[in-house]
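Thanks for coming, everyone. I have one structure to walk through today. Please bring it up on your screens.

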Amino acid sequence: MAALATWFTPVLSVLSRSDGKSAVAAAAYRACTRLHDALYKKVHDYTRKGGHVLSKIFGDHNFSIEELWNAAEAADTRKNSRTARELMVPLYFEWTDEQRVKYCDDLIAMLKKSYGVAGVYSIHKPHDGRNYHVHILFTTREVVAGEFLNKTRVLDEGKKNGEISKLRERVAEITNTHSKLNGSDFYVTGGTFAEHIENHIPMVNIPINASKEHRKDLESDNEEIKRTRSQVSKMQEEYETVQKAITALKEVKADMDAAALIDVPVPEKLPPSMVRNSKPRFWEEQPKEVDQRIKAEEAERRTNLLNEAYRVRDGYNLIVKSRRDAEATKKEMNALKNKIANIRATEPTIFESVYHKMHDLISKFGLNSVAPIDAIAEREKEIDRLAKIWHEKRKDLDRLANLTNDKENMKLFYAWQMDERYKNAIAESTAQIPKFNPGNNIVATKQQLDYSDHPYHIEDEPKPY
């Protein structure tokens, strides 16, 4: 079953002049480019900023990035005007660049359809290779054929009318659709984690204008919250395990009280044989058929209990093996994730990047045999191969979890631990099996036997041909 993704935290924010923010500067920073701000007569140059993957313009217009955001600034004249909004959405690190672009295209298609806005989205890749995200910077006005029209007031009052919650739900719906299309094993929700995770402890929000000292303190608090979350999660798992054990033990006890195979009543023994006197009486001897019936009933009872004991022991061993295999599978999955992360973290050289772009052209001329290996393509193939293995391991983990959490298997697991009758029955049966003793099974050969005293012994018997 897919897991609820805790990394998915889309954030909607607004850029206002009253806060000293410029839409042109924000666009330059997110697109890692150089833009001229016509309003403030200033150039914003972020071309040296790293981590940029791509930027794409959207909306009903023919503007460049610089023209779009200068026009957005010019459309509002008040000193406290809101000139842009930003939707920052995390991207799943195991997706390919093509899958992330398709996902972002669906997000902006939703924004255009819902609010008629225009803007630019920029995909960023951090140094660790995992925290992919997209900055969707869009206008606060509807844009039709390059003209800036009405303000999108529905988002200004988003908390009052529930529009922001609806927007988050639309983003979550698009994310879940792409998760299924890309074969990912997670789902997201537009609500808060507290609505879906019991005893959830929220993180502390770090303001964008926080000082270094204040930011450091808040980050330290968040680290402490993470550790507390882990402890609470472990305590919750232990509590659930104990509750399952209690439930299983109650069911085992109820079954043991009602099962004839376990609680077979011991037949009452008849009076022992009495010594024959001179005057015989009718109770002096037990009839042989009664004695045989008692022995048969006792043998059947022991056999039933022994069969039940073997069944319970097999169930116990199945749970133990499943848990051991699950732990080994988790370690293998973590190792595969680390390998994928290490491969993604490897930055391609300039030669590899240029050659990767020229690879299709080289393939058309049939020069693959003499051309060097496309290192970037090989790394992507290796990532795909490791990802497939990871998903197969995940299926094995789900299968093992089903075995471990199976109600009947858990009953057998706790029955073997709590009821000594099963262990005693197997031990008693095993003790009755004769041990192999090589000394009692020596076969004498003809050469080891002495026939000299035999009446038909012949000295120097002729050998056969």
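**Overall picture**

The protein chain has 12 helices and 11 strands. Keep in mind that this is a predicted model. The chain runs to 465 residues, and 32% of them count as buried. Now the contacts. Take those in the protein chain with a separation of 6 or more: 67% of them come from residues 24 or more positions apart. As for surface, the chain exposes about 31100 Å².

**The aromatic pairs**

Let's go to the rings. How many aromatic pairs does the structure hold? The count is nine. Here is one of them. Trp95 and Phe186 have ring centres 6.1 Å apart and planes at 35°. Pairs count as stacked under 30 degrees and as edge-to-face over 60, so this one is tilted.

Where do the two partners sit? Trp95 is in the loop between strand E6 (82–90) and helix H3 (97–115). Phe186 is in strand E11, residues 186–187. The pair therefore ties together parts that are 91 residues apart in sequence.

Buried or exposed, for Trp95? Trp95 counts as buried, because its relative accessibility is 2% and the cut-off for buried is under 20%. Phe186 is buried as well, with a relative accessible area of 6%.

Both rings belong to a cluster. Tyr92, Phe93, Trp95, Tyr103 and Phe186 make up one aromatic cluster.

**A threonine beside the cluster**

Now look at Thr175. This residue is found in helix H6, residues 163–181. Thr175 is buried, at a relative accessible area of 2%. What does Thr175 touch, leaving out residues up to four places away in sequence? The list is Phe8, Trp95, Tyr103, Phe186 and Val188. Phe8 is 167 residues from Thr175 along the chain. Their C-alpha atoms are separated by 9.6 Å.

**Charges over rings**

Next, two arginines. Arg100 lies over the face of Tyr132, 3.7 Å from the ring centre. Arg323 lies over the face of Phe413, with 4.8 Å to the ring centre.

**Helices H11 and H12**

Phe413 brings us to the next stop. Helix H11 covers residues 407–418, and helix H12 covers residues 420–431. Their axes come within 5 Å and cross at roughly 75°. The range for roughly perpendicular is 65 to 115 degrees, so H11 is roughly perpendicular to H12. Which residues make the contact? From H11, they are Ala415, Trp416, Gln417 and Met418. From H12, they are Glu420, Tyr422, Lys423 and Ile426.

**Another threonine, in H8**

Thr329 lies in helix H8, residues 288–345. At 9% relative accessibility, this threonine counts as buried. Setting aside residues up to four places away in sequence, Thr329 touches Lys393, Leu397 and Leu400. Take Leu397. Thr329 and Leu397 are 68 residues apart along the chain, yet their C-alpha atoms are separated by 6.6 Å.

**A glutamate in H2**

Glu66 lies in helix H2, residues 65–75. Its relative accessibility is 31%, so Glu66 counts as partly exposed. Beyond residues up to four places away in sequence, Glu66 touches Arg34, Leu35 and His36. Glu66 and Ala28 are 38 residues apart in sequence. In space they are 8.4 Å apart, C-alpha to C-alpha.

Last topic: backbone angles. Most residues other than glycine have a negative phi. Two residues here are worth a look on that score.

Lys41 has a phi near 50°, a positive value in a residue other than glycine. Lys41 lies in the loop between strand E3 (34–37) and strand E4 (42–45). At 68% relative accessibility, Lys41 counts as exposed.

And Ala145? Where is Ala145 placed? Its place is the loop between strand E9 (141–144) and strand E10 (147–151). Phi of Ala145 is near 55°, again positive in a residue other than glycine. Ala145 counts as exposed, with 60% relative accessibility.

That's the tour. Over to you.

Methods: Residues numbered from 1 in each chain as written. Predicted model: local features only at pLDDT ≥ 70, side-chain atom pairs only at ≥ 80, totals over all residues. Heavy atoms only, no water. Phe/Tyr/Trp six-rings, centres within 6.5 Å; stacked < 30°, edge-to-face > 60°. Helix = DSSP H or I, 4+ residues; strand = E, 2+ residues; numbered from the N terminus. Buried < 20%, exposed > 50% of the residue type's maximum accessible area, 1.4 Å probe, protein only. Lys NZ or Arg CZ within 6 Å of the ring centre and 35° of its normal. Contact = heavy atoms within 4.5 Å. Areas by Shrake-Rupley, 256 points an atom, 1.4 Å probe, with all protein chains shown as cover. Axes fitted to C-alpha atoms, helices over the stretch in contact; angles between N-to-C directions. Parallel < 35°, antiparallel > 145°, perpendicular 65-115°, else oblique.
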